[in-house]
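Biologist: I am new to this structure and would like to learn how to read its features. Could we go through them one at a time?

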Amino acid sequence: MALPQRRTDIGPPHYKDFLPPVMLKNYGDWKYHEILSPGLMVHVANSGDKVWSVRVATPRLLSTDTIREFADLAEKYCGGYLRWTTRNNVEFLVSEEKNIEPLQKELKEKNHMIGGIGNRISNIVHTQGWIHCHSAATDASGIVKALMDDLADYFTARETPNKVKLAVACCTNMCGAVHCSDIAIVAIHRKIPKIDHDKVKNMCEVPSTIASCPTGAISPDPAKKSVKVNEEKCMYCGNCFTVCPPMDIADPEFDGVAIVAGGKVSNLRSNPKFSKLVIPYIKNNPPRWPEVTEAVRHILDAYIAGAKKHERVGEWIERIGWEKFFKVTDLPFTFQHIDDFTIARETFRTAATFKW
Amino acid sequence: MPKKYETPLLDELEKGPFPSFVTEIKKAAAKNDMAADELGQLEKSYRERRGYWKHGGIVGVRGYGGGVIGRYSSLPEEFPSVANFHTIRINSVSGFFYTSQILKEMCDLWDKYGSGLTNMHGSTGDLILLGTSTENLEPIFAEFSSRGWDLGGSGSALRTPSCCVGPARCEWSNIDTLDINYNLTQEWQDEMHRPAFPYKFKFKTAGCAVDCIASIARADCSIIGTWKGTIAVNQDEVANYAKNGMNIKEEIVDMCPSRCMSYDGTELKIRDEDCVRCMHCIAKMTKALKATGEKGATILIGSKAPFVIGSTLSWVIVPFIKMEPPYDEFKDLIRKMWEFWDEHGKNRERIGELIIRKGMREFLEFIGVEPQPQQIKEPRRDPFFFWTEADLQK
């Protein structure tokens, strides 16, 4: 059968064609909202109209069968309207109050996790991992599944002092929001790249490979028409591998993940913050990465025990001080924690004020 | 029937309460060879603790330089159906809204031409069609584009802009995030589809400083809604919050970063001129407090992930700009920024890195924005600064 006529530069469809009528009618005219239960909120318009949102976890990677199941539920209870959130949850947009209970009931029967609204652990923003990426030093989906199984109560029921945003990045490119999350996992290498000199000659542009190195560890190797890596300067970031494939850096024995904490993107109370290193290395241990889930749970427990209401992880750590953070979590403090990258001096304590 | 693999390690990840990506892959694998081989290769990765994907080759659709991420298995003989396993980025709708009918239509097409696996959504906001062969790219594009869907961005181009839910459902939004997002995407289709920049460029639009799209951390240009005016206080609703157990002094007044609030047990007072519009009080007392006055946005530039100079958060360039259609003032400003970047940017240099390398002065002068204290956290510490001939004449 002939293909339909292709069109270019049309952009996405207009959003107004996809809004439920109640949202279209009250667009920009909302009065307030309330969180009614861990996975249910209501938005009330100045007109008095209401829309209920039922939030459900997804693994982000979805089969067409599951998307059809969501579509069927939306048809049955929401006039066919649904949306995804910026953390890859699904929200069913309910205009008729009588449909809320049956929708929630059917979601539960089908084993969907309802929750993620309010001061809880919502979905984990994550990346492709071994499922689709060439530079992945761990598998993102597997770690996310292991973590969320362990923390499921905090999605569906239990509260935390404030939101706890988790993220997983499968290499130091950090696609997603690892660098500004409350607790996040980032995969790292610990060995310098192995160079296949014959292939560098044919596949790589030497100047851009040299320029890709954040520490200036790469220099030309004219005799081999290739490059060399200064072992003392290389921090195993893998960016050279991104621009020059024959600089393979993956190493199953030494690759693994680091844990960072204390980042946030919102401006509420305190300015947005970067996440900082708290655990330099945990080995990859598929399929369940038990050491990683245990470490995250450990940091989370310390935060819940120590934080004031509304304090985010980073705000709690700043209030008690990093020296106290390492004390209450009993995590080892190592040379790896002391910055020696470009902004190192910004991180040094230029004062005599600290806690014992 | 698709090939079957033994997957004892991945099977472990079908247990537990959180929805399983392994179950998703298996659902697709039951009727699709590509998904079956994806599952087989992933099990091998779990066994050997390393990935088996090669660097992407350059693949795409006619007329475009981006939107498709080429991906090839490094084990094509072992897993032939994922020898090509390319990703297609479909530009999602502002705010990620769908109808059931459109989703089903998309699913039927994707089952016909691809692996049946998706990501809803990629981190930038695209709908990701995960895994197809090179020869299916043109048919998929014809099928989707004829139904009103276009590709998103990839490579050294404008990437797919995304935004928070905004005025469609949120009472805090100061700007029409969905419309801004749609308008910018349409305005710059060429910049999205035909990479012509030194490196990638991302827009994200947030209706307020809560920043539910993480624009300040994940967009070269962060558009964050704000207001010039007052926070209107409904004292009756404040009293209701107090009555319902909120400790207004501890939870609101003492947590205000600018210490511009007071509460004597009956009346909540805000010194608006000292408020930094962080949103904490409004977010916690959404029935009682409301931003009023002139609405617009703060434009921040420069956030990115670590490579090469280290992670950055966007910083303020324009403290306040009106954001009303057709957004000409904003677009002119962006075009000037791109001109500066195109002229001076090195290969794979993000705009934020360029500004840091060239200095804020050169950038601000080029785009025609005055220096303002809102652009900095604190003035410089060291006495090493440039004077131009013109400065000396002043």
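Modeller: Note at the start that this is a predicted model.

Biologist: Is A:Glu109 buried or exposed? And is A:Lys105 buried or exposed?

Modeller: A:Glu109 counts as exposed because its relative accessibility, 55%, is over 50%. A:Lys105 is exposed as well, with a relative accessible area of 55%.

Biologist: Which salt bridge does B:Asp274 form?

Modeller: B:Asp274 meets B:Arg271, and the N to O distance is 2.9 Å. At 34% relative accessibility B:Asp274 is partly exposed, and B:Arg271 is partly exposed at 41%. Another case is B:Glu378 with B:Arg381, where the closest N and O atoms are 2.9 Å apart. There B:Glu378 counts as partly exposed, at 42%, whereas B:Arg381 counts as exposed, at 58%.

Biologist: Which residues do salt bridges with shared partners join into one network?

Modeller: The network consists of A:Asp65, A:Arg68, B:Lys31, B:Asp108 and B:Asp111. One of its links is the salt bridge between A:Asp65 and B:Lys31, whose closest N and O atoms are 2.6 Å apart.

Biologist: How many salt bridges are there over all chains, and how many between chain B and chain A?

Modeller: The count over all chains is 57. Between chain B and chain A it is 13. For polar contacts, 65 residue pairs are found across the interface of these chains, with both residues at pLDDT 80 or more. On the side of chain B that touches chain A, helix α4 (residues 100–113) of chain B gives the largest share, 10 residues. That side divides into 57 nonpolar, 33 polar and 34 charged residues.

Biologist: How should I read the size of the interface?

Modeller: The size of an interface is often given as the accessible area lost when the parts come together. Here chain B and chain A bury about 10,600 Å² between them, with 60% of it on carbon and sulfur atoms. Of the area that chain B buries against chain A, 9% comes from B:Phe18, B:Arg49 and B:Arg169, more than from any other three residues. In residues, the contact takes 124 from chain B and 118 from chain A.

Biologist: Which strands are joined between the chains?

Modeller: Strand β4 (residues 61–63) of chain A and strand β6 (residues 117–120) of chain B are joined by 3 bridges and run antiparallel. Within this pairing, A:Leu62 stands opposite B:Thr118.

Biologist: Now a single residue. Where is A:Phe274 found, and what does A:Phe274 touch?

Modeller: A:Phe274 is in the loop between β13 (256–261) and β14 (276–283) of chain A. Leaving aside residues up to four places away in sequence, A:Phe274 touches residues of chain A, including A:His179, A:Cys180 and A:Ala261, and also B:Ser311, B:Thr312 and B:Leu313. The C-alpha atoms of A:Phe274 and A:His179 are separated by 5.5 Å, although the residues are 95 apart along the chain. With a relative accessible area of 28%, A:Phe274 is partly exposed.

Notes
Residues are numbered from 1 along each chain as its sequence is written. Chains are lettered from A and ligands numbered from 1 in the order in which they are written. This is a predicted model: local features need pLDDT of at least 70, side-chain atom pairs count only at pLDDT 80 or more; totals for chains, interfaces and linings use all residues. Side-chain values use heavy atoms; hydrogens and water are left out. Contact means heavy atoms within 4.5 Å. Buried area is the accessible area (1.4 Å probe) that two parts lose on being put together, summed over both. A salt bridge is a side-chain nitrogen of Lys or Arg within 4 Å of a carboxyl oxygen of Asp or Glu. A polar contact is a pair of N or O atoms within 3.5 Å; within protein, one must be able to donate a hydrogen and the other to accept it, and residues adjacent in sequence count only if both atoms are side-chain atoms. Helices (H or I, at least four residues) and strands (E, at least two) are DSSP runs, numbered from the N terminus. Ala, Val, Leu, Ile, Met, Phe, Trp, Tyr, Cys and Pro count as nonpolar, Asp, Glu, Lys and Arg as charged, and the others, Gly among them, as polar. Two strands pair if DSSP finds at least two bridges between them. Buried means under 20% relative accessible area, exposed over 50%, partly exposed in between (1.4 Å probe, protein chains only).
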